[in-house]
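Please look at the sequence and the structure before reading on.

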Amino acid sequence: MTTLSVSAVISPPPRFSHRSLSEYVGILLVLGLVTSSLMATAPALDKLSRGAARLFAPSGMLTQMFPPDFSRIIPIGWKLLETLQMAVAGCFLGLLLAIPFAILATDRLSPHPWVRNVARAVIALFRTVPDLIWAIIFIIIVGLGPAAGVMAIMVDKIGFAGRFFAEAMEESDAGPQDALRAIGANRLGTIVSAVFPACLPSFTATSLFALEKSVRGSAALGLVGAGGIGVDLKVAFDLFNYDEALAIILMMLALVITVEQGSGWIRKKLI
Amino acid sequence: MNAPTAPQCSQAGSTYVEPVLVVGGFVKNFDGRLVLNGLDFAIAPGQSTALIGANGSGKSTLLKCLIRLIEPSAGQIQMLGRDVRALSPRDLRAFRAQVGIVWQRHNLVPRLSVLSNVIHGVQSRLSGPRAWFQALAPADVRGEAMQCLDRVGLADRAATRVDSLSGGQQQRVAIARMLMQRPAFILADEPDASLDPQTGEEVMALLLSLVREKGLSLLMISHRLEHTLEFSDRILGLAKGRIALDLPTSQADAASLRRFFDHQEPA
């Protein structure tokens, strides 16, 4: 067996790369931000344990939740269906409108840098404002009920999917697009023939995540009066019907799990 | 050495033939770096011209500039009777429709079928959903696309997803798409690159047979000297941003071309 002398072997690089002073300052700042945030906002452990004990007391909320009350399963089921319909309708409209926004927000496909900047700003605005706020705005516009919820989900999804669609189009291979441009294809022809097929897996994945997000989000929209099962959940809590609230939560959980499983199956089949 | 700008038709003796491509005083620079510096040459109709030169000599840049996929910096380009640099965006699209390109990377749309990719070639003269996917295309367009596929020997693979084909077959599909375009001039940017020697030869032979059959003009780039010698009528060599070699292929041999590549000097 041949052995190598130590001097013949080139020494390995240091285990940790040398960092500059500014990098150390940056790391300290991040650590300081995390620590101060935890200290300022995280609950104290004693407070947490006292509160948890109240939850499990004989008159506590958790104790009163069991057994769940499914006596109103039919009306709750209809409301759950309305929630799903809100999610599907809002998501569909949002995804549909996200496509033109995304095209306009893409460097390569946008007709002008100004248009691109405006489209990006609109997408960022839609994404930044929470869907509950959009729900309140649309309740003012179209009144209480599922229509406001659909509009809120739609705007939220334009923000969510618009960004991911734009990123997918930005990263798509430029070769086929150049080839079609060289043939003399117009902008729309290039986008539909070359960009969309290339982005289809990414579009599908984003759309399914958007649907899952919409189903989860649409339940919460009812809390502000934008239709769906959230209204019933709020009423159940307000009237201290915790057993019925648990039944609603369990049915919502079943819906969300079903949608997630379904979208996972579709994702596997399509991508 | 720069080439003469007015080609003569060899068969016709002294008869002047209107060139299909005239490049004069052509300059291209990128951020002040001069890549092509005062090119002058012309190409006669029906001619297969090989453009050779070392990597980075500006061959692909020249091809892209000819149809303004890259904007030229200065000079004149007369192609198929059009002043290419003066074309408006709308006219440029119509002009590009007459010029078929075979790329080094075939640049097909990977998730679509072979037939849909070939039908994309019709976007040179047809717009809208009829030209986007095979399922939406009218019967005559589908029929023409099948004829183009038949011409490249892939009619039986029309329904296959294009990314499941071999490199050579994909290049054939790209040629079928180019045929669908009904071009008058063909630009080929290393169509034999990344193909094994036999497949590369088959692709080049197919390309040349189409050019001869339809009386088209071809300007092609190839790094394979044997292909340059076998499939061209004339050889142009680019070096230091200028045309440094211009001779009929009948007067060239592998050794002289190798010397050109080795020294980047006129052979």
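A salt bridge is counted when a side-chain nitrogen of Lys or Arg lies within 4 Å of a carboxyl oxygen of Asp or Glu. One network of such salt bridges links A:D107, A:R116, A:R120 and A:E170.

The model is predicted, so local features need pLDDT of at least 70 and side-chain atom pairs count only at pLDDT 80 or more, while totals for chains, interfaces and linings use all residues. Residues are numbered from 1 along each chain as its sequence is written, chains are lettered from A and ligands numbered from 1 in the order in which they are written, and side-chain values use heavy atoms, with hydrogens and water left out.

**Salt bridges**

Over all chains the count is 24 salt bridges.

| A:D156 | A:K157 | 2.8 Å |

Helices (H or I, at least four residues) and strands (E, at least two) are DSSP runs, numbered from the N terminus. A residue is buried under 20% relative accessible area, exposed over 50%, and partly exposed in between (1.4 Å probe, protein chains only).

A:D156 and A:K157 are both buried. A:E167 and A:R163 both belong to helix α7 (residues 146–171) of chain A, where they are 4 residues apart, about one turn of the helix. A:E167 has a relative accessible area of 33% and is therefore partly exposed. A:R163 is also partly exposed, because its relative accessibility is 37%.

A:E212 counts as buried because its relative accessibility is 8%.

**Where the chains meet**

How many residues of chain B are in contact with chain A? There are 24, and they are in contact with 22 residues of chain A; contact means heavy atoms within 4.5 Å. The area buried between the chains is about 1,900 Å², and carbon and sulfur atoms give 62% of that area. Buried area is the accessible area (1.4 Å probe) that two parts lose on being put together, summed over both. On the side of chain B, the residues that lose the most area to chain A are B:R111, B:Q123 and B:W132, together 31% of what that side buries.

Between chain B and chain A there is 1 salt bridge. The rule also finds 3 residue pairs in polar contact across this interface, both residues at pLDDT 80 or more. A polar contact is a pair of N or O atoms within 3.5 Å; within protein, one must be able to donate a hydrogen and the other to accept it, and residues adjacent in sequence count only if both atoms are side-chain atoms.

**A:S193**

A:S193 is in helix α9 of chain A and counts as buried because its relative accessibility is 0%. Its side chain reaches the backbone oxygen of A:G189 at 2.7 Å. The side chain of A:S193 also makes a polar contact with the side chain of B:Q123 (2.7 Å). Leaving out residues up to four places away in sequence, A:S193 touches several residues, including A:L180, B:V109, B:H120 and B:W132.
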